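Please look over the model below before reading my notes. They are written for someone new to reading structures.

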Amino acid sequence: MIKPELLFSNEDKKRIAEAVKEAEKRTSGEIVPYVVGRSDAYPEAWLRGGSLAAFLVLFVFSVINLGTDWWLPLTLAEIAAITVLAFGLGGLLVTYVPILKRAVIPDTMEQQRVDERASLAFLEEEVFSTRERTGILIFISLFERRVCILGDKGINELVKKEEWDGIVQIVVQAMKSGSPADGMLEAVWKCGELLERRGVEIRPDDSNELDNTLRTSDT
């Protein structure tokens, strides 16, 4: 599993914190960058991988037996044992090989788990606790390669959900190109610009209500 704290250097973290500070000088919004290694352990992936491997073994045996003249010197018990072994091996492979695990997890399940983990991060970091409910969470889940931006009530009244889509795509493309820090930086800047355009104005007595630093978690 990718460890977020290793993916972002100390210099990256300083740059992101400074970008948040600068963005918040133009608006009363409070931006919280958050990165997790994965949003869920996906325990069902083991069963899916094992079942797929077992099915493929049985399918191959069936094709050989019914579609060719080849003779396999295997008893029914031996075929069953090979199938069980394939099930276990398939389960292990999807457990420890990320690309295979992603292959057996439906997109809808991935998105649901990412949304749930982002909502939990929103609560854990108390993004809702700002005076005017103007907190924003920029959430990246590395394993799933997905991004969520969640705004609090004061933001959602002024910014439509669709307006975050362009910022989300910026981060997604940066992740695909192997530069997540640059993607997060640009997302922070774009969030600041969007809030400024939508009238989330800074107040004379505005204070920094949420920490500017990048939060990371393995799960």
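1. Basis of the note. This is a predicted model, in which local features need pLDDT of at least 70 and side-chain atom pairs count only at pLDDT 80 or more, while totals for chains, interfaces and linings use all residues. Residues are numbered from 1 along each chain as its sequence is written, and side-chain values use heavy atoms, with hydrogens and water left out.

2. Helices α3 and α4. Two packed helices are described by the angle between their axes and the distance between the axes. Helices and strands here are DSSP runs, numbered from the N terminus (helices are H or I with at least four residues, strands are E with at least two). The axes of α3 and α4 are 7 Å apart, and the packing angle is about 140°. Axes are lines fitted to C-alpha atoms, for helices over the stretch in contact, and angles run from 0 to 180 degrees between N-to-C directions. α3 and α4 are therefore oblique to each other. The cut-offs are: under 35 degrees roughly parallel, over 145 roughly antiparallel, 65 to 115 roughly perpendicular, and the rest oblique. Contact means heavy atoms within 4.5 Å.

3. A search of the whole structure finds four aromatic pairs. Among them is the pair of W46 and F87, which is edge-to-face, with 5.1 Å centre to centre and 80° between the planes. Rings of Phe, Tyr and Trp (its six-membered ring) pair if their centres lie within 6.5 Å; planes under 30 degrees apart count as stacked, over 60 as edge-to-face and the rest as tilted. This pair links distant parts of the chain, since W46 is in α3 (residues 44-67) and F87 is in α4 (residues 76-96), 41 residues apart. W46 is partly exposed at 37% relative accessibility, and F87 is partly exposed at 23%. Buried means under 20% relative accessible area, exposed over 50%, and partly exposed in between (1.4 Å probe, protein chains only).

4. An aromatic pair within α3. F55 and F59 form a stacked pair, with centres 6.2 Å apart and planes at 25°. Both residues lie in α3, four residues apart, about one turn of the helix. F55 counts as exposed, with a relative accessible area of 51%, whereas F59 is partly exposed at 47%.

5. A charge over a ring. Which residue lies over the face of F143? R102 does, at 5.5 Å from the ring centre. The rule is that NZ of Lys or CZ of Arg is within 6 Å of the ring centre and within 35 degrees of the ring normal.

6. The packing of α9. Helix α2 (residues 10-23) and helix α9 (residues 180-197) pack at about 5°, with their axes 9 Å apart. α2 and α9 are therefore roughly parallel. Among the residues in this contact are R15, I16 and A19 of α2, and M184, L185 and V188 of α9. Helix α8 (residues 165-176) also packs with α9, at about 170° and with axes 8 Å apart. α8 and α9 are therefore roughly antiparallel. Their contact includes I170, V171 and A174 of α8, and A187, K190 and C191 of α9.

7. Is E24 buried or exposed? E24, in the loop between α2 and β1 (30-36), counts as buried at 7% relative accessibility. Leaving aside neighbours within four places in sequence, E24 is in contact with residues including I31, I202 and N208. T213 lies in the loop between α9 and β4 (215-217) and is partly exposed at 39%. The C-alpha atoms of T213 and K14 are separated by 7.7 Å, although these residues are 199 residues apart along the chain.

8. Positive phi values. E126 has a positive phi of about 50° although it is not a glycine. E126 is in the loop between α6 (107-124) and β2 (135-141) and is partly exposed at 43%. R133, also not a glycine, has a positive phi near 55°. R133 is found in the loop between α6 and β2 and is partly exposed at 35%.
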